[in-house]
Amino acid sequence: MINLTNIHFGYSKKRMLFSELNLNLTPGHIYGLLGKNGAGKTTLLKIISGLLFSQNGTSNVMGKRPELRDPDILKEIYFLPEEMYIPHLKIRNYAKVYSPFYPSFSMEEFNKYLDEFEVNDREQYADKLSHGQQKKLLISFALATNTRILLLDEPTNGLDIPSKSIFRRVMASSTNEDRLVIISTHQVRDLHSLIDSVIILDNGEIIFNQPSEIITEKLVFKVEDNDVDLKSVLYSEDNVRGLLVVKENSEHLESKLDIELLFNAIVANKKRIKEIFES
Amino acid sequence: MSTISLNRIQYLFSKYFIENWKRDLSNFLILFIIAGFSGYQHDASLSLIIFVILAFMYAGRVFGMFSYKPKGMNYLLIPASTAEKTIVNLILVNVYYLAALLFSYMLGVIFGNLLYSFVHNYSFTWDFVKQAISFDYTTFLPLLLCESMLIFGSIYFKRKAVIKTFLFLFCFGLLIMIVDSSLVYFLTENHSIPFSTSNLYMETSVTAENSFFNQYGTLLFTVSSIFFILFFWVLSFLRLKETEV
């Protein structure tokens with residue numbers, strides 16, 4: 001569904017952000033896009049949505065080049081940026097204005113999601129809402145568009161604690177086999193249960209792209225005593241519960257994926273983890 | 001590839017009117033009040049200046065959205081083609097807004113006159129109204145040309161767009177004046193013919209038999225204006241296609 005091949009991109013000619021970046025994503029997944037600040041997560045989402053053009057390489061989204069901004073593609077992509085633009089419109093008018101562009105938009109779902117987020121007064125001006133309320137409005141709209149590709153940049157930023165769990169619930173309920181969701185985030189703990197594939201962007205390249213089940217098949221995430229044999233440990237960090245460790249899962253143990261630990265392990269021990277996943 | 005769809009054009013218009021009707025209405029009201037005052041004073045000059053300023057401000061803000069990144073992103077991601085977005089803007093700038101401004105101006109002038117005749121106990125006459133609204137198409141061509149350049153400037157220049165656009169307008173105006181002056185100079189046999197310029201429109205005082213410009217001046221002006229208006233709109237369209245946010 002999304003195929004990026006040998007993508008080169010930089011904001012200045014001297015310093016390239018991506019050099020030969022390759023990415024292949026299939027529908028039916030919720031991808032978590034992780035990376036350090038400035039790694040290019042938002043840039044990658046913009047290239048996929050056609051807001052930025054790669055300087056070299058080919059981008060293919062649903063069989064077409066996103067940079068052409070063909071309405072046939074745009075009506076199947078919804079990009080929720082971290083910094084949002086909300087026009088001076090009442091909530092009910094917001095849907096009235098933008099929904100006709102999305103053929104699969106469901107007003108019923110839109111209202112249902114708004115109700116779940118407790119954004120009840122549809123007569124309020126959307127630009128007068130708080131940042132969190134605006135985010136809830138746009139998340140509700142994004143999900144109700146029923147586009148095949150949903151790109152969410154830091155969707156939980158600004159959401160209060162109950163809203164984060166509502167977000168997880170509505171996201172999970174709106175996912176299907178035809179839909180591809182990419183969530184770029186730093187707040188992995190908020191989306192832990194939602195993400196089923198992890199993509200890690202580092203130094204302008206995709207250093208990791210694996211589904212959760214493969215990750216837990218190859219790696220084990222455990223809390224160990226401090227006297228653990230560090231030779232077998234790929235990454236460890238101290239925690240009040242003990243020592244959080246990531247190890248190769250040579251004994252086929254079952255463990256729960258800790259995305260934050262995984263990210264740190266990959267950044268710290270990139271080569272070894274790559275070998276494990278290639279074996 | 002569905003490049004142009006009437007449905008999407010309709011949605012874009014609907015989006016525009018729902019989002020902007022209050023702002024537009026307040027602008028039309030401002031012009032109506034000033035034109036009413038002009039009608040009352042029997043002097044249309046101030047309201048015509050406001051008319052031009054409002055038209056320029058409108059054109060300048062069409063692509064001004066790109067100065068605020070999230071707004072620019074929102075616009076580019078609307079599922080409509082660049083051609084559809086350009087067509088909608090072209091109609092809004094060249095037809096809707098201009099017609100609505102003209103209508104507000106005319107209504108204001110008539111209202112002002114009516115008020116004058118009522119206050120001063122005169123019988124209402126159409127003389128001033130007729131004079132104040134007697135435009136022909138050559139009056140609008142320079143306006144449309146400037147608007148098309150403002151639109152181009154608003155999308156072409158990313159930083160300090162207003163200053164750069166006005167500089168560009170000034171340079172372009174200067175260039176046109178030089179070209180036109182040279183044309184008059186070379187196309188008339190008498191090279192010492194006096195001429196004056198008004199809104200790029202040359203009025204020569206040469207005699208009919210030796211004045212090629214006098215015969216074809218209006219035609220040349222009309223054709224070149226339409227050419228440049230279309231030229232800048234096409235440039236804006238191409239620029240919009242390659243705009244990255």
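Mentor: What follows is a set of questions about a predicted model, each answered by setting a value against its definition.

Trainee: What makes β3 and β7 of chain A a pair, and in which sense do they run?

Mentor: Two strands pair if at least two bridges are found between them, and β3 (residues 29-35) and β7 (residues 180-184) of chain A share 5 bridges in the parallel sense, so by the definition they are a pair. Within this pairing, A:His29 stands opposite A:Leu180, and A:Ile30 stands opposite A:Val181.

Trainee: Which strand pairs with β7(A) over 5 bridges besides that one, and how does the chain cross to β7(A)?

Mentor: Strand β6 (residues 149-153) of chain A also pairs with β7(A) in the parallel sense over 5 bridges, with A:Asp153 opposite A:Ser184. The chain passes from β6(A) through helix α6 (residues 161-174) of chain A to β7(A), in a β-α-β crossover that is right-handed.

Trainee: Where do these strands stand in the sheet, and why are β5 and β9 of chain A said to be at the edges?

Mentor: The sheet is open and has 6 strands in the order β5-β6-β7-β3-β8-β9 (chain A), with mixed pairing. β5 (77-80) and β9 (205-211) of chain A each have a single partner strand, so one side of each lacks a neighbour in the sheet, and this is what places them at the edges. Neighbouring strands of this sheet are turned by 15 degrees against each other on average, direction ignored.

Trainee: How do you know that β7(A) is largely enclosed?

Mentor: A residue counts as buried if 20 or more other C-beta atoms lie within 10 Å of its own, and 5 of the 5 residues of β7(A) are buried, so the strand is largely enclosed by the rest of the structure. Both faces are covered, with A:Leu180, A:Ile182 and A:Ser184 buried on one side and A:Val181 and A:Ile183 buried on the other.

Trainee: Why is the span of helix α5 of chain A called close to the expected one?

Mentor: The expected span is 1.5 Å times one less than the number of residues, and α5 (residues 131-144) of chain A, with 14 residues, reaches 20 Å from its first C-alpha to its last, close to the 20 Å expected.

Trainee: What makes α5(A) mostly covered, and what covers its buried residues?

Mentor: Of its 14 residues, 11 are buried, among them A:Leu137, A:Leu138 and A:Phe141. What covers the buried residues of α5(A) includes β5, α3 (91-98), α4 (107-116), β6 and α6 of chain A.

Definitions and conventions: Residues are numbered from 1 along each chain as its sequence is written. Chains are lettered from A and ligands numbered from 1 in the order in which they are written. This is a predicted model: local features need pLDDT of at least 70, side-chain atom pairs count only at pLDDT 80 or more; totals for chains, interfaces and linings use all residues. Helices (H or I, at least four residues) and strands (E, at least two) are DSSP runs, numbered from the N terminus. Axes are lines fitted to C-alpha atoms, for helices over the stretch in contact, and angles run from 0 to 180 degrees between N-to-C directions. A residue is buried if 20 or more other C-beta atoms lie within 10 Å of its own, exposed if 12 or fewer, and partly exposed in between; C-beta atoms are placed from the backbone. A crossover is right-handed if, with the strands pointing away from the viewer, the path from the first strand over the helix to the second runs clockwise. Two residues are in contact if their C-beta atoms, placed from the backbone, lie within 7 Å.
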